[in-house]
Amino acid sequence: MIALVFAVACKKDAAPAPAPTPAPGAMAGSAANPHAGMEAMQPMEGSAANPHAGMDSHASVPKTTEPKTLESLADGRLGMGPFSFVAPKGWTAKPVTSDMRAANFTLPGKPGEGAELVVYYFGDHGAGSVDDNLDRWLGQFEQADGKKSRDVAKIEKTKFAGQDATYVSVAGHFQAQAMGSIGPSDVKDGALLAAIIDSPSGPYYFKLVGAKPTVDAQAAAFRAMLESLKLR
């Protein structure tokens with residue numbers, strides 16, 4: 001009898017512990033997600049994690065930083081990483097609060113015809129090839145005749161500050177996921193002026209987008225800004 005009681009007790013001790021109750025919202029049978037709550041990345045602005053779509057992010061989630069402003073240099077130029085340049089008159093520089101943004105300007109324009117320039121920097125190796133980024137940017141534009149924006153865009157290989165660069169322009173219906181970012185996200189009569197410029201520290205991505213009347217009016221000023229770039 002004693003042996004029988006002992007055996008029963010052992011079986012009770014060996015019984016498996018009950019499975020933990022899934023957290024609210026978790027799918028049955030799924031492992032706990034260590035990244036729950038983080039914003040999903042989509043391949044960029046455009047996107048394999050897109051640094052230019054909406055918040056224009058790339059392979060990692062942008063980190064919020066203390067507001068940063070461009071350096072004011074003695075000769076009236078502005079400093080940004082390895083570059084200095086002259087900002088167009090009437091453009092308003094805004095502090096950036098993301099570790100993936102190097103500069104941010106709003107452009108003068110009529111009410112309802114806003115446009116902005118954001119300069120992105122993703123480190124020494126950048127964020128994908130030039131063509132990858134062009135495809136992402138141009139993929140945010142829809143043409144009324146159904147053509148691919150890549151087929152109607154103007155793409156130029158050039159140099160700024162003595163560095164290899166690619167300059168692109170296109171117009172159409174601009175649509176981007178505004179994942180908490182500033183700036184336009186759906187502009188039926190929109191336009192893009194952009195440049196990818198190499199530097200000793202890695203590529204910089206200049207993306208100016210907004211209402212076509214404003215972008216067209218500021219096209220010469222944007223080009224002049226790029227022409228003013230110098231390595232420090």
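I take a polar contact to be a pair of N or O atoms within 3.5 Å, where within protein one atom must be able to donate a hydrogen and the other to accept it, and where residues adjacent in sequence count only if both atoms are side-chain atoms. The model is predicted, so I kept to the rule that local features need pLDDT of at least 70 and side-chain atom pairs count only at pLDDT 80 or more, while totals for chains, interfaces and linings use all residues. Residues are numbered from 1 along each chain as its sequence is written, and side-chain values use heavy atoms, with hydrogens and water left out.

**Entry: Arg136**

I looked up Arg136 and found this residue in helix H2 (helices are DSSP runs of H or I with at least four residues, strands are runs of E with at least two, and both are numbered from the N terminus). The side chain of Arg136 reaches the backbone oxygen of Ala127 at 3.2 Å. Arg136 is buried yet has no salt bridge, and Asp132, the nearest side chain of opposite charge, is 4.5 Å away. Buried here means under 20% relative accessible area, with exposed over 50% and partly exposed in between, for a 1.4 Å probe and protein chains only; a salt bridge needs a side-chain nitrogen of Lys or Arg within 4 Å of a carboxyl oxygen of Asp or Glu. For charge, Lys and Arg count as positive and Asp and Glu as negative, with His and the chain ends not counted.

**Entry: aromatic rings**

I searched the whole structure and noted nine aromatic pairs (rings of Phe, Tyr and Trp, the last by its six-membered ring, with centres within 6.5 Å; planes under 30 degrees apart are stacked, over 60 edge-to-face, the rest tilted). One of them joins Phe122 and Tyr205 edge-to-face, at 5.4 Å centre to centre and 65° between the planes. Phe122 lies in the loop between strand E8 (115-121) and helix H2 (130-138) and Tyr205 in strand E13 (residues 204-211), so this pair ties together parts 83 residues apart in sequence. Phe122 is buried at 17% relative accessible area, and Tyr205 is buried at 1%. The rings of Trp137 and Tyr205 are also edge-to-face, with centres 6.5 Å apart and planes at 80°. I recorded Tyr120, Phe122, Trp137 and Tyr205 as one aromatic cluster.

**Entry: open sheet**

I traced four strands in an open sheet, ordered E2-E3-E4-E14 with antiparallel pairing (two strands pair if DSSP finds at least two bridges between them). Strand E2 (71-72) and strand E14 (230-231) stand at the edges with a single partner strand each, so one side of each has no neighbour in the sheet.
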